[in-house]
Amino acid sequence: MPAVDNILFSRRRAERFAQLLDEANGARRHHVRSRVDGQLAPLVAVGQRLAVDPPAVEVNPDFRTGLRAMLLATAEREGLGTAPAASEPTTTTTTRGRLLPAVTARRARARAAILIGIAAGAIAVSGISAASENAVPGDALYGMKRSTERAQLALASSDISRGQLFLDFARTRVGEAAKLRGDRIGYSAVLDDMDADTRQGVRLLTAAAVQRAEPGSLDTLNTFVSGQRRAVSGLLDGGTRADRGRTQRSLVLLDTIRERSDALRAAIACGLPAPTASDTLGPNPSACPGAR
C-alpha cells in the first residue's frame with residue numbers, strides 16, 4: 001500500500017485531487033487524465049460517500065474539540081480562508097518564479113481540500129470504526145471496517161508499528177470467525193485473511209529483529225503466538241468437521257511461526273550474520289554452529 005504522503009501530500013497530486021473532487025461534485029471535467037487518478041479515486045469516493053451518507057455515530061466531544069482546534073491552527077498557519085493584504089497585488093505576471101492567479105488559487109484550493117479531507121477522514125474513522133467494530137463479512141459496514149484498518153497501516157510510523165497492527169488485525173479476524181462457524185465458505189475466507197495478516201505482521205517483525213540484531217520484536221511475536229493459539233484453539237469447539245480442519249491449518253501456521261522466532265533468537269544470540277534466505281515469514285536463519 002502506498003504511503004499516504006506518496007498518494008496525496010505532494011503538490012501535483014494535491015492539485016489533481018482538488019480537480020477530481022470538483023469533477024465529482026459536477027464541475028467541468030478535465031479532458032487530460034492523470035496517471036495518479038486510479039490511486040486518488042478511492043479517496044474521492046470516500047469524500048462523496050461521506051457527503052451523501054455521513055456517519056450516524058456521535059463523535060466524542062473531546063475529539064471534536066481537539067480536531068477543531070488543530071484544523072483552525074493549521075488553517076491560520078497556511079493562510080487558508082484569509083483575504084490577501086491590501087498592499088498585495090491581485091494579479092501576477094508570467095515572469096520566472098512567479099505564479100499566475102489561477103495556479104495560486106488552485107494550490108490554495110488543493111490545500112483546503114487536503115485539510116477538509118483530513119477532517120472528514122478523522123471524523124469518519126472515529127465514528128464509523130465504532131459502528132463497524134463488530135461487523136463481519138457480509139455486513140454493510142464490513143468494508144468500512146477493513147478500510148479503517150488500511151488507513152491505520154498507512155499512518156503507521158515504522159515497520160514495527162505496521163507489524164503490530166497486522167497482528168492486531170489477525171486477532172480481530174478470530175472474533176469474526178467465531179461468528180461464522182457453520183458457514184464453510186465465510187469461515188474459511190476469514191481464516192485465510194487472518195493467516196495473511198499474521199504472515200504480514202510476522203515478516204515485518206522478524207525483519208526488524210534481524211536488522212537491529214536484537215530480539216525485542218521477537219518478544220512481541222511470541223506473546224502474540226501464545227495468545228492467538230489459545231484463541232484459535234477455541235474455534236475448534238462446536239465447529240463442523242470442515243471448520244475444524246481449516247482451523248488446524250491456522251494452528252500449524254502459528255506453531256511454525258514460533259519455531260521461526262526461536263531460530264532467529266538463537267541466531268542473534270550466537271552472532272550469526274543476517275540471513276540471506278527469506279520466505280513468507282521473513283528471514284530464514286541458519287543454525288548456530290554446534291546446534292542440533
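Residues are numbered from 1 along each chain as its sequence is written, and side-chain values use heavy atoms, with hydrogens and water left out.

Q: What is the mean pLDDT of the protein?
A: The term pLDDT denotes the predictor's confidence in each residue, from 0 to 100. A value of 70 or more is reached by 61% of the residues. The mean over the protein is 77.

Q: Which helix has the lowest mean pLDDT among the elements of the protein?
A: Helices (H or I, at least four residues) and strands (E, at least two) are DSSP runs, numbered from the N terminus. The highest mean pLDDT, 96, belongs to helix H9 (residues 216-233). The lowest, 46, belongs to residues 4-7, which form helix H1.

Q: How many contacts does the stretch of residues 1-9 have in the model, beyond near neighbours in sequence?
A: Contact means heavy atoms within 4.5 Å. Over residues 1-9 the pLDDT is below 50. Where pLDDT is low, the predicted coordinates should not be read in detail.

Q: How many strands accompany the helices of the protein?
A: From the N terminus on, the elements run α-α-α-α-α-α-α-α-α-α-β-β. The protein has 10 helices, and its strands number two.

Q: At what angle do helix H8 and helix H10 pack?
A: Axes are lines fitted to C-alpha atoms, for helices over the stretch in contact, and angles run from 0 to 180 degrees between N-to-C directions. The axes of H8 (residues 184-212) and H10 (residues 241-269) are 10 Å apart. Angles under 35 degrees count as roughly parallel, over 145 as roughly antiparallel, 65 to 115 as roughly perpendicular and the rest as oblique. H8 and H10 are therefore roughly parallel, at an angle of about 5°.

Q: Is glutamate 176 buried or exposed?
A: Buried means under 20% relative accessible area, exposed over 50%, and partly exposed in between (1.4 Å probe, protein chains only). Glutamate 176 lies in helix H7 (residues 159-179). Because its relative accessible area is 2%, glutamate 176 is buried.

Q: Which residue is joined to glutamate 176 by a polar contact between side chains?
A: A polar contact is a pair of N or O atoms within 3.5 Å; within protein, one must be able to donate a hydrogen and the other to accept it, and residues adjacent in sequence count only if both atoms are side-chain atoms. Here the contact is 2.8 Å, and the partner is tyrosine 142.

Q: What separation do the C-alpha atoms of leucine 205 and serine 217 have?
A: Leucine 205 is in helix H8 and counts as buried, at 0% relative accessibility. Beyond four places in sequence, its contacts include Ile160, Leu167 and Ser217. Leucine 205 and serine 217 are 12 residues apart along the chain, and their C-alpha atoms are separated by 5.5 Å.

Q: What value is phi of alanine 213 near?
A: Alanine 213 is in the loop between H8 and H9 and counts as exposed, at 52% relative accessibility. Most residues other than glycine have a negative phi. Alanine 213 has a positive phi, near 55°.

Conventions:
Predicted model: local features only at pLDDT ≥ 70, side-chain atom pairs only at ≥ 80, totals over all residues.
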